[in-house]
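Let's walk through this fold together, beginning with a helix and working out to what surrounds that helix. Keep the model open as you read.

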Amino acid sequence: MNNYETVFILNPVLSEEQMKDTVKKFVQVIKDAGAKVINEEQWGLKKLAYPIQHKSTGFYNLVEFEADTLAVDKLETEFRRDEAVMRFLTVALDKHAVEYNERRRNGAFRKDKKKVAKEEPVA
């Protein structure tokens, strides 16, 4: 089983509830294919770099999972069938990308994290 990461953009015409239901549907497709979902992130409504289907914004979502190639094929087939999906990209992660994602999830790259104060040694 390999580690994968998929980012997909949903149509901005969807309501917040419809968007969440659509994301749940795709996560369920992954789970039904025997994959293990590692991380889910909803990045919210973002401006697109260029118009897609005459739309300038879209709901960005990221799902990181561990699966075989058949699960990825099923997921991408579902992406193509759903009219709400404007774009998607699935990539296989190497060991360095898996390590990076783990560190990112643990907050290693957050700019707003609080610095831990060093404790004074007791004499």
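In helix 1 (residues 16-32), the buried residues are Met 19, Thr 22, Val 23, Phe 26, Val 27, Val 29 and Ile 30. Buried here means under 20% relative accessible area, exposed means over 50%, and partly exposed is in between, with a 1.4 Å probe and protein chains only. Seen down the axis, these residues fall within an arc of 150 degrees, so they line one face of helix 1; the arc is that of the directions from the helix axis to the C-beta atoms. An α-helix has 3.6 residues a turn, so residues three or four places apart point the same way. Over on the other side of helix 1, Glu 17, Lys 24 and Asp 32 are exposed.

A quick word on ground rules. This is a predicted model, where local features need pLDDT of at least 70 and side-chain atom pairs count only at pLDDT 80 or more, while totals for chains, interfaces and linings use all residues. Residues are numbered from 1 along each chain as its sequence is written, and side-chain values use heavy atoms, leaving out hydrogens and water. Helices (H or I, at least four residues) and strands (E, at least two) are DSSP runs, numbered from the N terminus.

What do the buried residues of helix 1 pack against? Their partners are strand 1 (2-10), strand 2, strand 3, helix 2 (69-81) and strand 4 (85-92), with contact meaning heavy atoms within 4.5 Å. Take Phe 26: leaving aside residues up to four places away in sequence, Phe 26 touches Phe 8, Leu 10, Leu 75, Glu 78, Phe 79, Asp 82 and Val 85.

Helix 2 has its own buried set, made up of Ala 71, Val 72, Leu 75, Glu 76 and Phe 79. They cover an arc of only 130 degrees around the axis, which puts them on the same side of helix 2. Leu 70, Arg 80 and Arg 81 sit exposed on the other side of helix 2. The cover over the buried residues of helix 2 includes strand 1, helix 1, strand 3 and strand 4.

Now for the core. The largest nonpolar core has 22 residues, and Phe 8, Leu 10, Phe 26, Phe 65 and Leu 75 have the most contacts inside it. Such a core is a set of buried Ala, Val, Leu, Ile, Met, Phe, Trp, Tyr and Cys residues joined through side-chain atoms within 4.5 Å. Strand 1, helix 1, strand 3 and helix 2 each give two or more residues to this core, and helix 1 gives the most, with six. A second, separate core of five residues includes Ile 9, Leu 48, Ile 52 and Met 86.

Note on methods
Expected span 1.5 Å × (residues − 1).
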